[in-house]
Amino acid sequence: MTAGTQRLAGSDGSVRRTVLPGGLRVITEALPSVRSAALGIWAGVGSRDEGSEHAGATHYLEHLLFKGTSRRSALEISAAMDAVGGELNAFTAKEYTCYYARVLDADLPLAIDVLSDMVTSSLIEPRDVDAERGVILEEIAMNEDDPADLVHEAFAGQLFGDTPLGRPILGTVDSINAISRDRIAEHYHARYTPDSLVVAAAGNLSHEGVVELVRTAFGPALERSAASATQPAPPRLGGDSADSARGTGVRLLSRPVEQANLVLGCAGLARTDPRRFALGVLNAALGGGMSSRLFQEVREKRGLAYSVYSFSSQHADCGQWGVYAGCLPAKADDVLAICQDEIAKVIASGLTDEELARGKGQLRGSIVLGLEDPSSRMSRLGKSELAYPNLEAVDEILTEIEAVTHDDVRGVAADVLALPKALAVVGPFDDADQFIAAVAG
């Protein structure tokens, strides 16, 4: 076994981890039964890490890293992957960024070389910054044209206020127009260091082979950082940042659309909070599927909305919980009243035995079925390394879910669902005050 390599607890021995000089982590999961491999290079930086002078820089970089290095042009990057039928993409989240590829197992060396080159050696040419500025502004405009996405963004803004968690991942028109090439490059060089990066791979692979390929591909970057950083950056856990401010009230974005888009919710739980399993079961039973209370009451019995569901998302030190519904504008008050009524019932009485069992089953199934391909396995490895104290075994997670009791559900309902609410509305309305009573419940 390579020096510095360990088999991770929480796996059956197929997951292995090596720390290279400079603090770069390489984590793999061998899946011999497949003929493909998924690779991700994860950076421990998201839009939450931006100061006002760098607002939008993290997502901007996601675009720019595809634009060329000293070894490859933008066309050569895409052509290399297209030539082997591979998939190449990236995404930016609030607390991390991922560049990923999926290829045939025989083409994993190519994917490692291309992605590593992109992440470590981007040129960030001024002409590319200017060209992508227009692309990102188009992306912001496209988001503005999708009220279902826009209302979730507005809800986060209302809940977290003018903090990095409350601001759009894409940035704003003003911030994207204002940011300079030098500010973006500054963000890149400060945040994309080996100690803050994780290379995760899953599929038909050899851990030792992946480590050597990464060592070669990252060579110059590892040499530059080895003297100053030999240990990986710690996972992002806890904290009491001002980002976790809890806003309430109504945010209305008046748009001439045919449907009212509503998100009613409140602060949630941090991703390592032990109550997260109970909240997951509760969320599944309340608004997680066609048998859920909200779907049955709002859509099946009354036909008031086509789409209605509840959701929960977590960050290092805080989270959010809410209910989304899309309905005719004239039905918005009725839908909000029913949602508040169902929330109040759960707070007062919890779930029935049948709902508790169904909620557990739905949560278990979504976790297991979500890990049936190399890409999802790779994502689990990368996110666990950046955001959790350890890689928790799937069986342990399933045991935690099965152990959730009625008391646990009632407790988390009282702790979370009973919190003061915020409401975001996107629709053809003129006055936010008409929704104040709906927030009060």
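Cys327 counts as buried, because its relative accessibility is 2%; buried means under 20% relative accessible area, exposed over 50% and partly exposed in between, with a 1.4 Å probe and protein chains only. The model is a predicted one, in which local features need pLDDT of at least 70 and side-chain atom pairs count only at pLDDT 80 or more, while totals for chains, interfaces and linings use all residues. Residues are numbered from 1 along each chain as its sequence is written, and side-chain values use heavy atoms, with hydrogens and water left out.

A disulfide is a covalent bond between the sulfur atoms of two cysteines. Here it is defined as a pair of cysteine sulfur atoms within 2.5 Å. The closest cysteine sulfur to that of Cys327 belongs to Cys339 and lies 8.8 Å away, too far for a bond. The count of disulfides by this rule is zero.

| Residue | Relative accessibility | Class |
|---|---|---|
| Cys98 | 1% | buried |
| Cys327 | 2% | buried |
| Ile124 | 3% | buried |

Ile124 has a positive phi of about 50°, although it is not a glycine. The residue sits in the loop between helix H3 (108-121) and helix H4 (126-144). Helices (H or I, at least four residues) and strands (E, at least two) are DSSP runs, numbered from the N terminus.

Helix H16 covers residues 406-417, twelve residues that should span 16 Å at 1.5 Å a residue; the end C-alpha atoms are 15 Å apart, which agrees. The expected span is 1.5 Å times one less than the number of residues. The buried residues of H16 are Val409, Val412, Ala413, Val416 and Leu417. Viewed down the axis of H16, these buried residues fall within an arc of 110°, so they line one face of the helix; the arc is that of the directions from the helix axis to the C-beta atoms. An α-helix has 3.6 residues a turn, so residues three or four places apart point the same way. The partners against which the buried residues of H16 pack include strand E9 (260-267), strand E11 (319-327) and helix H12 (332-349), where contact means heavy atoms within 4.5 Å.

The protein as a whole has 17 helices and twelve strands. Of its 441 residues, 53% count as buried. Among contacts between residues at least 6 apart in sequence, 80% join residues at least 24 apart. Along its principal axes, the C-alpha trace spans about 60 × 50 × 40 Å.
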